[in-house]
Amino acid sequence: MLPSAIARETADEFAEDVRAGLSKSGQKELLSKYLYDVIGSALFEVISVLPEYGLTRADDRILRKHADEIVARLPLPVAVAELGSGSGKKTRWLLEALCRQRPTSYHPIEISPAALAQCERELSYIDSISIVGFERKYLDGLLEVAARRKNGQHLLVLFLGSTIGNFDRPAGLRFLSQVREILQPGDSLLLGTDLDKPVSQLLQAYDDALGVTAAFNLNLLARVNRELEADFALHEFQHVARFEPVERRVEMHLRSARKQTVTIQKAEFVVTFLKDETIWTESSHKYSMGDVLRMAEGAGFYCDAQWIDPEWPFAESLLIAH
Ligand code: AVI
């Protein structure tokens, strides 16, 4: 397929998803995967260094401190597949530890070509690493990595940063089960999960004083304006972070400041918002240790070891396929 044909198909899919999400009769929605265009990905990099948002630093601390211990538990040789590598910064500790043992192939899987290129630049300094990235959706990319597996080679799948928390709980379990189906018994999954913590701490993490998370959220409307020729007035929508106690998740919404109508040309769609009506743009689920173990077992893994950050409750769990 030509690149222009791929781009067109993606734009059509975006328009279709936007129309479907905004024409829902109850809560209007936009899918969180669309937060990550070039601007959204850059804003997320800034979020990850904000003092209020400890998640990325916790993930990084665990991997830096325990990389050798994690590697010592793996059956070698392994090929590493990372679902949503982002810039690849926090992965370097593990890859360095693995490459100290033996040459290792690393396969970042990303839908964003910019993130993939950055990840390859960031990690290519490591001795005896071979990097082959896949610009694919997670499961499609993982299928390709599995198809290239050599005799006797195990797979280690990395799903870090609590990206699992952006799926609703049943979908998260389904997703891990689909990952398990692609793996063989004895293969590993290193899963990062953000743990329960006080609501006030969570709300600050998702509504920081500088307004970076607000910009990250509002960029979704700006993206619809840019790519689908819409006329969202950004100053007429306000970022809202709220904690939903039954599901134990932080939800991001965009609240309409007044009754207003927006036209989205490329989706051939006109939508009206009432005053204070919201668009739900993301959920970040939080977990107990018991949740993680149940989710792992339910998806066909057992938990071999867990590491918890002492400063910001966050767990890295090494799961082995039954
Ligand atoms: C990528 N993901 C795990 C982040 C989270 O915490 O849910 C995305 C994010 N949204 C707002 N701040 C960070």
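At 28% relative accessibility, Arg 19 counts as partly exposed, where buried means under 20% relative accessible area, exposed over 50%, and partly exposed in between (1.4 Å probe, protein chains only). The model is predicted, so local features need pLDDT of at least 70 and side-chain atom pairs count only at pLDDT 80 or more, while totals for chains, interfaces and linings use all residues. Residues are numbered from 1 along each chain as its sequence is written, and side-chain values use heavy atoms, with hydrogens and water left out.

The side chain of Arg 19 meets that of Glu 16 in a salt bridge, 2.7 Å from N to O. A salt bridge here is a side-chain nitrogen of Lys or Arg within 4 Å of a carboxyl oxygen of Asp or Glu. Arg 19 and Glu 16 are three residues apart in helix α1 (residues 3-22), and are therefore separated by about one helical turn. Helices (H or I, at least four residues) and strands (E, at least two) are DSSP runs, numbered from the N terminus. Glu 16 is partly exposed as well, with a relative accessible area of 40%.

Ala 267 is 248 residues away from Arg 19 in sequence, yet their C-alpha atoms are 6.3 Å apart in space. Ala 267 sits in the loop between β10 (260-264) and β11 (269-273). Not counting residues up to four places away in sequence, Ala 267 touches Ala 15 and Arg 19, contact meaning heavy atoms within 4.5 Å. With a relative accessible area of 1%, Ala 267 is buried. Glu 268, in that loop between β10 and β11, is exposed at 73%.

The backbone of Glu 268 has a phi near 45 degrees, a positive value in a residue other than glycine. Glu 229 has a positive phi too, near 50 degrees. Glu 229 lies in the loop between α9 and β8 (237-244) and is partly exposed, with a relative accessible area of 44%. Another backbone feature is the cis peptide bond from Leu 76 to Pro 77, with omega near 0 degrees. Pro 77 is in the loop between α3 (55-72) and β2 (78-83). Most residues other than glycine have a negative phi, and most peptide bonds are trans.

Back to charged pairs: side chains of opposite charge can pair when their charged atoms come close. The count of salt bridges in this model comes to 25. One of them joins Lys 24 and Glu 29, whose closest N and O atoms are 3.1 Å apart. Lys 24 is partly exposed at 40% relative accessibility, and Glu 29 is partly exposed at 23%. Lys 275 forms a salt bridge with Asp 276, with 3.7 Å between the closest N and O atoms. Lys 275 counts as exposed at 53%, whereas Asp 276 is partly exposed at 44%. Salt bridges also link Arg 169, Asp 196, Glu 247, Arg 248, Asp 291 and Arg 294 in a network.

Glu 251 is in strand β9 (residues 249-256). Its relative accessibility is 7%, so Glu 251 counts as buried. The side chain of Glu 251 makes a polar contact of 3.0 Å with that of Arg 249 and one of 2.8 Å with that of His 253. A polar contact is a pair of N or O atoms within 3.5 Å; within protein, one must be able to donate a hydrogen and the other to accept it, and residues adjacent in sequence count only if both atoms are side-chain atoms. Leaving aside neighbours within four places in sequence, Glu 251 is in contact with residues including Val 240, Trp 280 and Glu 282.

Glu 282 leads on to the ligand. Of the 14 residues around the ligand, those that come nearest are Tyr 53, Asn 166, Tyr 206, Glu 282 and Ser 284, a residue being near if one of its heavy atoms lies within 4 Å. A polar side-chain atom of Glu 282 lies 2.8 Å from a nitrogen atom of the ligand. Polar side-chain atoms of Tyr 206 and of Ser 284 each lie 2.5 Å from an oxygen atom of the ligand. The protein covers 96% of the 340 Å² of accessible area that the ligand has on its own, as given by the Shrake-Rupley method with a 1.4 Å probe; for residues, only the protein chains shown count as cover. At least two residues of the shell come from each of α2 (38-47), α9 (212-228) and β12 (278-285).
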